[in-house]
Amino acid sequence: MHMPSLPEMLFGDNVLRIQHTDGYGIEFNAIDALKRVNNMQDSVKVACAQEWQESRADSEHSKEAVKHYDWTYTTDYRGTLLGEDQQMRATETLERIDMEKLKAREQIMFFDDVLLFEDELHDHGVSMISVKIRVMPTSFFLLLRFFLRVDGVLIRINDTRLYHETGKNYMIREFSTRESKISELKNVPAALYTDPNEIAQHLTLKLTECEKLELPETGPHPGDTEVPQ
């Protein structure tokens, strides 16, 4: 991984996978998420960063490795495409996930919430990423969320939402980054800082990207109209 240290709680065997019988699909796992850690350009520099690094980094690692190490584990991971012979193809789109449609009362046939990694940043906050999915009779919706809180400094959320409707030959994948300094959240009750669902609406939207994941063309299969398992 070329990292001086890994998160305190790393669930390397946890995976959420959506895969067609023909082999293509998408999965979400901790190792691939960590491989994207240094992809975000800016890193959080706080007074406790050096103290944290010294307490976690092995002595055999060079100072240069630690210097370029993102100790917050910020990742822009959006999932890992599967398939050897064929894969879904990602293309930019203006189409968005219809969140109002998701609010409609519909039977939930399957639900799961999978934690990939978590770290308490040497008691200076939290860095964690988890993925949850719900499957309905006509669609499924997935949310991969990276949540970072550095106490007294900032809160950051990177969300990847994935949506597929039965009968359509593509999925919609939306990625967004929200971030605010704690000094910008003075009017927000501090109790909300620890709840990603509550604090997200108060953070500044920094980036939104939307893609279509187009399914490969395959021959007819029995049960093609069913939601992929």
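Visitor: Why is His-122 called partly exposed?

Guide: The relative accessible area of His-122 is 31%. Buried means under 20% relative accessible area, exposed over 50%, and partly exposed in between, with a 1.4 Å probe and protein chains only. His-122 is therefore classed as partly exposed. This is a predicted model, in which local features need pLDDT of at least 70 and side-chain atom pairs count only at pLDDT 80 or more, whereas totals for chains, interfaces and linings use all residues. Residues are numbered from 1 along each chain as its sequence is written, and side-chain values use heavy atoms, with hydrogens and water left out.

Visitor: What makes Asp-123 count as exposed?

Guide: Asp-123 has 63% relative accessibility, so it falls in the exposed class. Asp-123 is located in the loop between E6 and E7, and His-122 also has its place in the loop between E6 and E7.

Visitor: What is the phi of His-122, and what is that of Asp-123?

Guide: Phi is near 55° for His-122, a positive value in a residue other than glycine. For Asp-123 phi is near 65°, again positive in a residue other than glycine. Most residues other than glycine have a negative phi.

Visitor: How many bridges join E7 and E8?

Guide: E7 and E8 pair in the antiparallel sense over eleven bridges. Arg-134 stands opposite Phe-141 in E8, and E7 and E8 form a hairpin with three residues between them.

Visitor: What makes E1 and E5 edge strands?

Guide: The open sheet has eight strands in the order E1-E6-E7-E8-E9-E10-E11-E5, with antiparallel pairing. Strand E1 (9-10) and strand E5 (89-92) each have a single partner strand, so one side of each is left without a neighbour in the sheet.

Visitor: Which strands form the edges of the open sheet of three strands?

Guide: That sheet has the order E2-E3-E4, with antiparallel pairing. Its edge strands are E2 (15-19) and E4 (80-82), each of which pairs on one side only. The twist averages 20° from one strand to the next, where axes are lines fitted to C-alpha atoms, for helices over the stretch in contact, and angles run from 0 to 180 degrees between N-to-C directions. Strand E3 (residues 25-29) and E4 share three bridges in the antiparallel sense, and the partner of Gly-25 in E4 is Leu-82.

Visitor: Why is E8 called mostly covered?

Guide: Twelve of its twelve residues are buried. In a regular strand the side chains alternate between the two faces of the sheet. Both faces of E8 are covered: buried residues on one side include Phe-141 and Arg-145, and those on the other include Leu-142 and Leu-144.

Visitor: What makes a set of residues a nonpolar core, and how many residues has the largest one?

Guide: A nonpolar core is a set of buried Ala, Val, Leu, Ile, Met, Phe, Trp, Tyr and Cys residues joined through side-chain atoms within 4.5 Å. The largest one has 32 residues, and those with the most contacts inside it are Ile-18, Phe-28, Leu-142, Leu-144 and Leu-162. Elements that give two or more residues to this core include helix H1 (30-35), strand E6 (110-119) and strand E7 (125-135). The largest share, six residues, comes from E8.

Visitor: Which residues line the largest cavity?

Guide: Among them are Tyr-77, Leu-144, Arg-145, Thr-160 and Phe-175. E8 and E9 each supply at least two residues of the lining.

Methods
Pairing = 2+ DSSP bridges. Helix = DSSP H or I, 4+ residues; strand = E, 2+ residues; numbered from the N terminus. 1 Å grid on protein atoms, 1.4 Å probe; cavity = no way out; pocket = protein on both sides within 12 Å on 5 of 7 lines; lining within 4 Å.
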